[in-house]
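Please look over the structure shown below with the following report at hand.

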Amino acid sequence: MTKAMIAENIQRIKSIISRTAAKVGRNPDDIKLVAVSKRFPPRSIIDACTSGHYLFGENYIQEVISKKEAIPSQASIHFIGHLQTNKAKIAAEYCDMIETVDRFKLGKALNKHLDKQAKKLDILVQVNIGEDPVKSGVDRDNTEGLLEQLSTLSRLRICGLMTMVPLVNEPEQSRIHFRRLRQLCVEMQRKGLFPEVSTPELSMGMSNDFQIAVEEGATIVRIGTAIFGKRLS
Ligand SMILES: *Cc1c(COP(=O)(O)O)cnc(C)c1O
């Protein structure tokens with residue numbers, strides 16, 4: 001992708017988000033676009049930054065390390081991949097949000113490193129809402145318990161929920177999962193499990209189904225292919 005194409009793709013997606021939000025009576029400013037730059041070189045991130053976009057998603061800690069020093073300091077990185085406990089330190093240091101906290105052990109590892117740096121970190125809890133055997137995430141029924149455990153960790157700001165829905169042929173098939181995540185989020189909020197935020201984040205929707213996610217209440221959409229093109233690996 002050339003720089004101009006990346007800029008154009010980001011603009012196009014932002015306008016689709018705005019239009020879709022308007023259609024369902026939502027404020028487009030309540031929806032953040034995470035440009036998923038995994039498997040693309042730092043150059044792609046720099047090109048997106050040049051066009052005025054500064055929020056990125058990365059799946060692999062090695063890539064976070066190598067890109068962090070090559071990209072503009074204003075660029076924020078959300079970690080969206082499966083995070084091993086032994087990589088928690090780097091993730092806590094280099095990323096602005098970890099969207100994939102799915103177990104207490106990982107929360108504790110993050111908290112330990114954050115304690116040393118005396119800083120707080122935004123996190124989302126990843127829920128396996130579609131009960132997909134090949135996806136990470138806490139089960140729906142164990143989400144409340146995990147949120148309660150994580151709330152004891154003073155360095156984590158629990159901002160909301162994230163999900164990756166099962167792979168489907170038709171984007172419309174994702175809707176039921178998005179709706180269920182939103183319902184779960186509302187229920188958890190009612191129980192006071194997001195005490196540090198006024199409105200919890202819902203990170204859901206990717207290149208093929210983000211419009212449906214926006215219709216169903218997504219506040220963060222994570223889009224790779226539709227911005228940067230097909231990944232090589
Ligand atoms: C790769 C990835 C995305 C982006 O997927 P696209 O289909 O390329 O938009 C979003 N979220 C997560 C967790 C991913 O791993």
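## Helix α2 and its packing

The buried residues of α2 pack against α1 (3–23), β2 (55–58), α3 and α9 (225–228), where contact means heavy atoms within 4.5 Å, and helices (H or I, at least four residues) and strands (E, at least two) are DSSP runs numbered from the N terminus. This is a predicted model, in which local features need pLDDT of at least 70 and side-chain atom pairs count only at pLDDT 80 or more, while totals for chains, interfaces and linings use all residues. Residues are numbered from 1 along each chain as its sequence is written, and side-chain values use heavy atoms, with hydrogens and water left out.

Helix α2 spans residues 42–50, and its buried residues are S44, I45, D47, A48 and C49; buried means under 20% relative accessible area, exposed over 50%, and partly exposed in between (1.4 Å probe, protein chains only). Just after α2, G52 takes a positive phi of about 100 degrees.

## E63 in helix α3

Helix α3 (residues 61–68) contains E63, which is buried, with a relative accessible area of 11%. Leaving aside residues up to four places away in sequence, E63 touches S37, K38, R39, F40 and E58.

## Strand β6 and its partners

Strand β6 (residues 156–162) is mostly covered, in that six of its seven residues are buried. It pairs in the parallel sense with strand β5 (residues 121–126) over six bridges, two strands being paired if DSSP finds at least two bridges between them, and the bridge partner of L124 in β6 is G160. From β5 the chain crosses through helix α6 (residues 143–150) to β6 in a right-handed β-α-β crossover; right-handed here means that, with the strands pointing away from the viewer, the path from the first strand over the helix to the second runs clockwise.

Strand β7 (residues 201–203) also pairs with β6 in the parallel sense, over three bridges, and S203 in β7 is the bridge partner of M162. Together with helix α7 (residues 175–190), β6 and β7 make a right-handed β-α-β unit.

## The ligand site

The ligand is surrounded by 13 residues, of which the closest are K38, N59, S207, T225 and R231; a residue counts if one of its heavy atoms lies within 4 Å. A polar side-chain atom of S207 lies 2.5 Å from an oxygen atom of the ligand, and a polar side-chain atom of R222 lies 2.9 Å from a nitrogen atom of the ligand. A polar backbone atom of G224 is 2.8 Å from an oxygen atom of the ligand. The protein covers 93% of the 390 Å² of accessible area that the ligand has on its own, by the Shrake-Rupley method with a 1.4 Å probe.

Key: Polar contact = N/O pair within 3.5 Å; in protein donor to acceptor, adjacent residues only side chain to side chain.
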